[in-house]
Amino acid sequence: MKKRVVITGLGVVAPNGVGLKNFTNAIKSGKSGITFHQNLKEKGFSCCIGGIPDVSEEKKLEYLTPLQLRGFNSTSILYGCIAGIDAWKDAGFSVDQKSSLDYDSGLIFGAGTSGIEKFREAIYKIDDQQVRRLGSTSVVQTMASGISAYLGGILGLGNQVTTNSSACTTGTEALLMAFERIKNGKTKRMLVGSSSDSSLYTWGGFDAMRVMTYKHNETPEKGSRPMSATASGFVPGSGAGALVLESLESALERKATIYAEVLGGNINSGGQRNGGTLTASNKEAVQKCITDAILDASISPNEIDLINGHLTATSKDSLEIENWTKALQRKGNNFPLINSLKSQVGHCLAASGAIESVASVIQIKEQFVFPNINCVDVHPEILDLISEEKIPRRMIKKEIQILAKASFGFGDVNACIIFKKYIE
Amino acid sequence: MTKEEIIIKLSTIVKPYIQNEEGFKNISEDTDFMNDLEINSANLVDIVLDVEDEFNIIIDNDSMDKMLTIKSVVEIIKEKQSSE
């Protein structure tokens with residue numbers, strides 16, 4: 001007997017809001033988290049704007065001990081710990097270094113790279129023949145699984161504790177892997193999420209590929225323009241999102257708050273065939289990922305009320321919309337509502353799937369659709385496919401039963417997850 | 001520098017790493033870092049680096065392996081300082 005899986009906790013560190021309450025208010029009002037960064041300009045970046053969450057030194061001390069913060073230089077681990085601890089507490093669990101080991105709870109927390117700034121520090125020291133001066137903090141902050149290692153110890157989790165990495169699909173993939181694990185009865189609950197650091201060393205390669213916008217350095221808040229005719233590349237973002245997934249029976253037994261149910265989903269790859277490359281999607285595989293997710297969730301495409309797209313604000317947005325219309329066999333006025341959180345927070349790369357999933361689940365729980373900011377001029381190719389009113393520019397109060405969320409990543413990898421409102 | 005002065009300096013160095021407050025209150029020459037102060041073994045290398053900075057000495061690998069108690073650290077510091 002397969003288990004039903006629900007979401008019982010949320011945590012988020014986003015450029016437009018840190019903490020569930022701030023983030024919820026931000027996405028409702030369409031608050032941009034994109035600002036100008038002088039250090040990007042000084043290093044010669046074409047794109048000098050980005051989304052960086054506001055985390056004070058006092059806030060760090062609420063989550064990490066002074067000892068953990070000694071020689072600490074990894075924003076991805078910091079954001080992951082904050083979001084993860086918040087989600088765990090939100091689900092009704094206490095965080096106590098002396099808590100007993102819990103074999104029924106695990107963790108999948110993804111990342112693109114781990115502490116890239118810490119890695120830079122280490123490289124400089126080694127090149128300077130100071131390898132012994134690395135001390136004990138280098139390995140744990142630079143290993144890819146740094147985030148899951150920190151969180152697993154802080155929370156005392158005894159089921160699977162791991163880190164996944166699949167570029168911009170990472171967070172959504174983490175969710176689906178944990179979903180399968182709970183569904184198949186291998187664990188009662190899993191903390192899942194993903195994190196991406198605020199670092200010019202993470203963003204530089206994208207700037208070099210000219211996929212980030214260089215046209216909005218004077219107007220940062222207008223820079224991230226998914227689905228817009230004047231979209232000119234993505235704006236880099238950073239942060240972390242975290243969700244607690246749990247079997248329905250465990251959630252009911254604990255009388256936990258249930259945010260939404262995970263009905264199903266799909267993860268696949270286009271194999272870099274049929275038009276897919278290291279950096280571009282095979283559209284046939286994208287469509288198959290969506291249709292297979294719908295099959296897995298045992299719903300009809302017509303039941304989808306809202307899509308939270310990948311929609312990065314590059315020239316590929318209209319192709320994504322086309323893929324959705326084909327996969328759902330819905331277009332024009334019959335297309336569901338669609339939005340992209342990237343208009344508000346930029347493209348949070350490895351963290352995007354998790355932060356956007358948190359935003360998706362909040363929309364279901366509170367029954368609203370957050371606005372697509374900056375999409376004042378919908379791309380004509382998109383208007384050929386779907387009606388303009390399907391792209392809300394203002395927050396809408398609406399009954400949302402089923403939401404489809406997709407993420408696509410470099411390496412031609414895809415993930416689509418189906419969330420449903422939980423009704424007792 | 002007297003043994004007592006070194007121990008006072010060492011207490012300041014190890015303070016951030018200790019996980020046993022009681023053991024720290026009773027710190028003495030006989031204190032064992034891992035057993036009495038419950039310092040994580042990985043942090044011993046950080047303490048070595050902090051000792052090097054504070055006392056302006058270089059601690060070689062063989063000496064490092066012996067640095068498990070306050071007493072052994074005091075001995076190593078004295079030895080290094082006198083040899084310089």
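Across the interface of chain A and chain B there are four salt bridges (a side-chain nitrogen of Lys or Arg within 4 Å of a carboxyl oxygen of Asp or Glu). The model is predicted: local features need pLDDT of at least 70 and side-chain atom pairs count only at pLDDT 80 or more, while totals for chains, interfaces and linings use all residues. Residues are numbered from 1 along each chain as its sequence is written, chains are lettered from A in the order in which they are written, and side-chain values use heavy atoms, with hydrogens and water left out.

**Chain A and chain B**

- One of the salt bridges joins Asp50(B) to Arg70(A), with the closest N and O atoms 3.0 Å apart.
- On the chain A side, the residues that touch chain B are one nonpolar, two polar and three charged.
- Six residues of chain A are in contact (heavy atoms within 4.5 Å) with 13 residues of chain B.
- The two chains bury about 850 Å² between them, 45% of it on carbon and sulfur atoms; buried area is the accessible area (1.4 Å probe) that two parts lose on being put together, summed over both.

**Domains of chain A**

- Chain A is divided into domain 1 (5-260) and domain 2 (264-420), with bounds from an automatic or database domain assignment.
- The C-alpha centres of domain 1 and domain 2 of chain A lie 21 Å apart.
- In domain 1 of chain A, 72 residues are in contact with 65 residues of domain 2 of chain A.
- About 4,800 Å² is buried between domain 1 and domain 2 of chain A, and carbon and sulfur atoms give 70% of that area.
- Lys28(A), Cys168(A) and Met227(A) supply 18% of the area that domain 1 of chain A buries against domain 2 of chain A, more than any other three residues.
- Two salt bridges are counted between domain 1 and domain 2 of chain A.
- Asp377(A) forms a salt bridge with Arg225(A), where the closest N and O atoms are 3.4 Å apart.

**Aromatic pairs**

- Over all chains the structure holds four aromatic pairs (rings of Phe, Tyr and Trp, its six-membered ring, with centres within 6.5 Å; planes under 30 degrees apart are stacked, over 60 edge-to-face and the rest tilted).
- The ring centres of Phe72(A) and Tyr150(A) are 6.0 Å apart and the planes are at 70°, so this pair is edge-to-face.

Terms used. Ala, Val, Leu, Ile, Met, Phe, Trp, Tyr, Cys and Pro count as nonpolar, Asp, Glu, Lys and Arg as charged, and the others, Gly among them, as polar.
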